[in-house]
Amino acid sequence: APWSPVKSPKEFAGALLPHHIVKTILASNSQVAIAYWGGAIQILDPQGNVKTQQQLPNDPIGLLWNEKQLVIAQSDGSVIALGAG
């Protein structure tokens, strides 16, 4: 099947980074993580407000919510955790 970008919910349209392609979206009970091709990560509240945003040195290849932390596996084999309140 041909590659197609991830569809982003309309309520998050205002928070999405311009000129970036969404790789994956992962929701928890109270937060939404958006990972982009190239390493950008955003954590939003359920209304689509940005809680935190940063540029990782490597491409995210896997995301997991662990209580209030977002655990991110990166393409270089490293794993990091971001807290978001």
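Start by selecting Asp59: leaving out residues up to four places away in sequence, Asp59 touches Lys23, Tyr36, Trp37, Gly38, Gly39, Ala73, Gln74 and Ser75 (contact means heavy atoms within 4.5 Å). Before going on, note that this is a predicted model, where local features need pLDDT of at least 70 and side-chain atom pairs count only at pLDDT 80 or more, while totals for chains, interfaces and linings use all residues. Numbering runs from 1 along each chain as its sequence is written, and side-chain values use heavy atoms, with hydrogens and water left out.

Still on Asp59, you are in the loop between β4 (50-55) and β5 (60-66); strands here are DSSP runs of E with at least two residues, numbered from the N terminus. Is Asp59 buried or exposed? Asp59 counts as buried because its relative accessibility is 17% (buried is under 20% relative accessible area, exposed over 50%, partly exposed in between, with a 1.4 Å probe and protein chains only).

Now show the polar contacts (N or O atoms within 3.5 Å; within protein, one must be able to donate a hydrogen and the other to accept it, and residues adjacent in sequence count only if both atoms are side-chain atoms). The side chains of Asp59 and Lys23 are joined by one at 2.6 Å. The Asp59 side chain also reaches the backbone nitrogen of Gly38, at 2.6 Å.

Next, pick the open sheet: three strands in the order β5-β6-β7, with antiparallel pairing (two strands pair if DSSP finds at least two bridges between them). β5 and β7 (79-83) are the edge strands, each pairing on one side only. Zoom in on β5 and β6 (residues 69-74), which pair over six bridges.

Now for the inside. Select Ala33, Ala35, Ile41, Ile43, Leu56, Leu63, Trp65, Leu70, Ile72 and Leu82: these 10 residues make up the largest nonpolar core (a set of buried Ala, Val, Leu, Ile, Met, Phe, Trp, Tyr and Cys residues joined through side-chain atoms within 4.5 Å). β2 (32-36), β3 (40-44), β5 and β6 each supply at least two residues of this core. A second, separate core has nine residues, including Ala15, Tyr36, Ala40 and Leu44.

Last stop: Glu11, in the segment before β1 (22-27). Glu11 counts as exposed because its relative accessibility is 53%. Beyond four places in sequence, Glu11 touches Gln47 and Gly48.

Note on methods. Helix = DSSP H or I, 4+ residues; strand = E, 2+ residues; numbered from the N terminus.
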